[in-house]
Amino acid sequence: MAHSSCSACAFFENHAANSDSQLADAGLCRAKPPVTQKDADSRGFWPVVKSNDWCGEFATQFAAE
């Protein structure tokens, strides 16, 4: 079965990762809300994914508003 990679997904954000250092060939998955952290004062983070990763949330475009 063929699958589509994160880099072709509408929810993939191809730029800064969740840290000060850039990760090669990585981006953020915006398919779901950010993951919360243990400390109440900490901000949430979107999962960092590689451009050739894939999952069951793949979409080529956003749903109509």
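What you are looking at is a predicted model, in which local features need pLDDT of at least 70 and side-chain atom pairs count only at pLDDT 80 or more, while totals for chains, interfaces and linings use all residues. Residues are numbered from 1 along each chain as its sequence is written, and side-chain values use heavy atoms, without hydrogens and water.

V49 also belongs to the largest nonpolar core, together with C6, C9, F11, F12, C29 and A59. Such a core is a set of buried Ala, Val, Leu, Ile, Met, Phe, Trp, Tyr and Cys residues joined through side-chain atoms within 4.5 Å. Buried means under 20% relative accessible area, exposed over 50%, and partly exposed in between (1.4 Å probe, protein chains only).

Now for the charged pairs. The structure has two salt bridges, each a side-chain nitrogen of Lys or Arg within 4 Å of a carboxyl oxygen of Asp or Glu. One joins the side chains of E13 and R30, at 2.6 Å from N to O. E13 lies in strand β1 (residues 12–13) and R30 in the loop between β2 (26–29) and β3 (48–50), so this pair ties together parts that are 17 residues apart in sequence. Strands are DSSP runs (E, at least two residues), numbered from the N terminus. E13 is partly exposed at 22% relative accessibility, and R30 is partly exposed at 32%.

The other bridge links E57 with K32, their closest N and O atoms being 3.4 Å apart. Because E57 lies in the segment after β3 and K32 in the loop between β2 and β3, the pair ties together parts 25 residues apart in sequence.

Notes. Helices (H or I, at least four residues) and strands (E, at least two) are DSSP runs, numbered from the N terminus.
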